[in-house]
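Dear colleague,

Please find the structure below, followed by an account of what was found in it.

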Amino acid sequence: MISRASGDGRVCALTFDDGPNGSDTDRLLDFLATEGIRAVFCLVGSAVRKPGSARLVRRMVADGHLLANHSMVHADMSEWPEARVESDLREAMAAIRDALDDQRYPIPYFRAPHGKWGSTERVAARLGMESLAIGSTIEDWLTQDVPTLRTRLRAAIRPGELVLAHDGGGARSGTVDAVTSVVRERLREGWHFTLPH
């Protein structure tokens, strides 16, 4: 399981779960493009299949971001039999690849919904995906209060850490605002935002 950002010193990897999600994802992608930052987007297949989402997935790839399978329906799969897990992950992979119009597009990572793994890591490995650990999270599913999220994000950004925030699963404008301001602060302090290692 991958649990660290690549590089040494003031490095951190940004990961975003539960999207894509319309304007929140668009604004986040705008910011990352402006700063030249690559991230990992952990996509939920049912969100990918929503109208307008294929454009966002294509933009992620065009901007150099990496994709992760975050399941089809974002359910706790830890007690599921392996055959059901595999069916779900294959369906989510198909949704992502349909959005890209490329049935061979590599999806390098998997992250289990709710951090509940069960057999999912083993199944994901059989399907060619490495599992991403749940890193430092800002718990943005509990609040979208920007000052609170800024404080949590400042604490989450530590050397070598995977940072987990959300661009989907609900309205995430507060998350995008917090990421924009705090990441800019850290860039001014000499931090580098890399990819998982």
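In what follows, buried means under 20% relative accessible area, exposed over 50%, and partly exposed in between, computed with a 1.4 Å probe on protein chains only. This is a predicted model, in which local features need pLDDT of at least 70 and side-chain atom pairs count only at pLDDT 80 or more, while totals for chains, interfaces and linings use all residues. Residues are numbered from 1 along each chain as its sequence is written, and side-chain values use heavy atoms, with hydrogens and water left out.

Helices (H or I, at least four residues) and strands (E, at least two) are DSSP runs, numbered from the N terminus. N21 sits in the loop between β1 (11–19) and α1 (22–35) and counts as partly exposed because its relative accessibility is 25%. Its C-alpha atom is 8.0 Å from that of A171, 150 residues apart along the chain. With contact taken as heavy atoms within 4.5 Å, and neighbours within four places in sequence left aside, N21 is in contact with residues including L56, D167 and A171.

H65, in the loop between α3 (53–62) and β3 (66–69), is buried at 2% relative accessibility. A polar atom of its side chain lies 2.9 Å from the backbone nitrogen of A39. Beyond residues up to four places away in sequence, H65 touches L29, L32, I37, R38, A39, F41 and M60.

Helix α4 covers residues 82–100. Among its buried residues are V85, D88, L89 and R97, and the elements covering the buried residues of α4 include α3, β3 and α5 (120–126). D101, which follows α4, has a positive phi, near 55 degrees.

A salt bridge is a side-chain nitrogen of Lys or Arg within 4 Å of a carboxyl oxygen of Asp or Glu; by this rule there are 17 salt bridges. R111 forms one with D17, the closest N and O atoms being 2.8 Å apart. This pair links distant parts of the chain, with R111 in the loop between β4 and α5 and D17 in strand β1, 94 residues apart. R111 is buried at 0% relative accessibility, and D17 is buried at 3%.

R55 and D26 also meet in a salt bridge (2.6 Å, N to O). Since R55 lies in helix α3 and D26 in helix α1, the pair ties together parts that are 29 residues apart in sequence. R55 is partly exposed at 41%, whereas D26 is buried at 18%. R59 forms a salt bridge with D63, with 3.3 Å between the closest N and O atoms. Salt bridges that share partners join D26, D30, R55, R59 and D63 into one network.

With kind regards

How values were computed
A polar contact is a pair of N or O atoms within 3.5 Å; within protein, one must be able to donate a hydrogen and the other to accept it, and residues adjacent in sequence count only if both atoms are side-chain atoms. The expected span of a helix is 1.5 Å times one less than its number of residues.
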